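Let's take a walk through this model, stopping at a few residues and helices along the way. Have the structure open and follow along.

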Amino acid sequence: GRALLILLLSATVSLLGGLIFGYELGIISGALLQLQTDFHLSCFKQEILVSALLIGALLASLVGGILIDRHGRRRAILVSNLVLLVGSLILTLARSFIGLVIGRMTVGFAISVSSMACCIYVSEMVAAHQRGLLVSLYEAGITVGILLSYALNYIFADVDEGWRYMFGLAIAPTAMQFLSILFLPVNPVKLSSWDSDCQKGLIQLQNTEDREVAKREPYKEKHYSFLDLFRTRDNMRRRTLVGLGLVLFQQFTGQPNVLGYASKIFHSVGFQSNSSAILASVGLGAIKVVATLIAMAFADKAGRRALLMAGCVVMAISVTTIGLTSRIAPLAMARDCKAAADPNASHSLTQHPLMPSASQAAVSPIPPASSAVKSQAGPGFAASGSLRRVFESTQSRAVVPDSSLTQKRGLVGQSKKETVESTGSPFGGAPWAEHMVLNWITLLSMMAFVSAFSIGFGPMTWLVLSEIYPAGIRGRAFAFCNSFNWAANLLISLSFLDLIDAIGFSWMFLLYGLMGVLAVIFIYLFVPETKGQSLEEIDQQFSRKR
């Protein structure tokens with residue numbers, strides 16, 4: 001009974017840790033749509049706000065490893081919960097841009113420590129044949145958290161200062177995780193206590209074979225310094241290469257941007273109002289959850305390596321497809337952001353023709369209070385009017401001040417009328433039909449990309465990282481790789497819009513496709529299969545020179 005309770009609590013801690021992490025990552029994409037109106041955020045300030053979380057997380061990964069190895073995994077999770085509560089309160093009560101940035105940094109620090117400690121704690125707590133499932137549960141939590149954040153973005157989209165509720169609701173799962181972990185035993189592996197904990201009956205989750213192996217072959221806990229990560233001792237250098245390769249490829253295949261700017265990408269594809277773009281993102285979140293559940297089911301059967309490679313292949317194909325479709329029907333991404341920063345154009349909505357064949361009013365994706373439709377939007381906009389009809393009922397829920405709401409509704413209606421007049425039947429005009437198809441291909445490619453990430457890189461990276469290092473340095477090694485993960489995430493998120501300005505949206509995504517191909521080659525050459533092996537066996541397998 002006690003073992004089952006520990007198993008359930010471990011699962012709860014893993015799931016809630018992921019849920020909080022995903023929620024905080026996803027909530028900003030909808031909150032930004034309101035914050036840029038309330039705080040008149042320029043393009044640069046929006047990027048700073050998105051990246052503040054990453055800066056906090058990066059700082060945490062520099063010091064978190066020491067906290068996890070010195071003071072134990074459980075205490076690290078408890079501390080991160082307290083810090084997260086503070087951060088959420090700062091955000092909920094924020095009155096200035098600086099307050100928002102400090103709040104996001106605090107939250108980033110907390111979720112980074114929690115993410116490392118949860119994965120390590122759970123991987124050490126359970127048997128080899130359950131480890132894939134329970135550590136992947138963390139990633140399932142992340143996807144549920146992202147879905148929840150998108151759903152709440154949608155619910156609070158037309159609530160005045162709805163972003164306060166969005167940020168404040170993170171307090172509930174944090175409190176639940178804090179309570180769950182209070183009932184779990186202290187560190188399962190605290191330098192050579194693995195064996196004694198099993199004998200005490202604290203963790204009778206290992207099956208009898210595991211226990212027999214443990215008795216026959218006593219596992220010697222070794223002590224490592226941080227610099228051992230770069231030495232040939234016990235093949236540590238190769239383990240570090242595997243860890244760094246996985247986290248860097250996870251970021252450089254473009255995942256943070258597809259996630260963080262999901263609403264904006266949907267705007268550009270043609271979901272014109274804030275609410276419908278967020279609603280489309282909710283669909284994306286649902287797909288992510290289903291894909292992660294598939295990964296959980298197969299992590300201990302198909303193995304880590306197979307899922308990683310399969311995921312990378314699909315990711316490479318889908319981002320390449322997005323790149324190619326956006327060459328024909330360009331997406332208006334960076335330009336939207338520039339318009340938002342223009343202070344002289346606060347309350348005007350201008351109408352202008354987009355294509356010679358179909359003149360139509362362009363409704364800016366950014367709320368009118370902070371922008372004007374100044375730049376010529378790409379042909380993708382003109383052709384994507386009928387995509388809006390899918391979410392016609394949500395059209396009027398855009399986040400705009402009351403004064404310009406009627407104006408915006410009128411424009412939407414007007415644009416629909418004009419579109420129908422100028423193109424006849426929806427499939428009559430060739431450019432219309434052609435771009436409609438392309439818009440849907442972009443949408444489906446994005447869904448394929450998200451699914452592939454959630455089956456491969458999403459859960460498997462953290463699972464492999466929590467397995468390949470010896471217990472004595474696991475916290476610091478995980479944190480070291482994690483710091484590169486956050487640094488890469490920060491770099492990609494900060495430079496996304498500038499890079500699109502420089503090389504164009506399509507080239508950006510084709511570059512991500514190339515990175516996906518390189519990732520497949522890397523995994524094939526360097527990442528070993530670890531399914532069904534105890535942490536000690538994995539360590540011994542790595543320690544042998546090969």
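S445 has a relative accessible area of 8%, so this serine counts as buried (under 20% relative accessible area; exposed is over 50% and partly exposed in between, with a 1.4 Å probe and protein chains only). S445 sits in helix α19, residues 430-455; helices here are DSSP runs of H or I with at least four residues, strands are runs of E with at least two, and both are numbered from the N terminus. Setting aside neighbours within four places in sequence, S445 is in contact with S318, T321 and I322, where contact means heavy atoms within 4.5 Å.

A word on the ground rules. This is a predicted model, in which local features need pLDDT of at least 70 and side-chain atom pairs count only at pLDDT 80 or more, while totals for chains, interfaces and linings use all residues. Residues are numbered from 1 along each chain as its sequence is written, and side-chain values use heavy atoms, with hydrogens and water left out.

Now zoom out. The protein has 23 helices and zero strands. Of its 546 residues, 62% count as buried. Take the contacts between residues at least 6 apart in sequence: 83% of them join residues at least 24 apart.

What sits in the middle of all this? The largest nonpolar core has 123 residues. By nonpolar core we mean a set of buried Ala, Val, Leu, Ile, Met, Phe, Trp, Tyr and Cys residues joined through side-chain atoms within 4.5 Å. L35, L49, L100, F167, F457 and F509 have the most contacts inside this core. Helix α4 (residues 97-125) gives the largest share, 15 residues. Both domain 1 (1-188) and domain 2 (227-332 + 433-545) contribute residues, so the core lies between them; the domain bounds come from an automatic or database domain assignment. As a general point, nonpolar side chains in soluble globular proteins tend to be buried together.

Pick L35 from that list and look around: leaving out residues up to four places away in sequence, L35 touches H40, L41, L49, L100, W163 and F167. One of those partners, H40, is worth a stop. H40 lies in the loop between α1 (2-38) and α2, and H40 is exposed, with a relative accessible area of 58%. The phi of H40 is near 50°, a positive value in a residue other than glycine.

Next, stay with α4 and find I111. I111 is buried, at a relative accessible area of 2%. Beyond residues up to four places away in sequence, I111 touches I20, F21, E24, L53, L84 and Y138. I111 and L84 are 27 residues apart along the chain, yet their C-alpha atoms are separated by 7.2 Å.

You'll find F478 in helix α21 (residues 474-503), buried with a relative accessible area of 1%. F478 and G243 are 235 residues apart in sequence and 8.1 Å apart in space, C-alpha to C-alpha. With residues up to four places away left out, F478 touches M116, C119, I120, W462, L465 and S466.

Back to helix α2 (residues 43-71), where S51 sits. S51 is buried, with a relative accessible area of 1%, and, neighbours within four places aside, S51 is in contact with L490, S493 and L494. How does α2 pack with helix α3 (residues 73-92)? Their axes are 6 Å apart and the angle is about 130°. The contact is made by L67, I68, D69 and H71 of α2 and R73, R75 and A76 of α3.

The buried ones are L535, E536, I538, D539, Q541, F542 and S543.

Methods:
Axes are lines fitted to C-alpha atoms, for helices over the stretch in contact, and angles run from 0 to 180 degrees between N-to-C directions.
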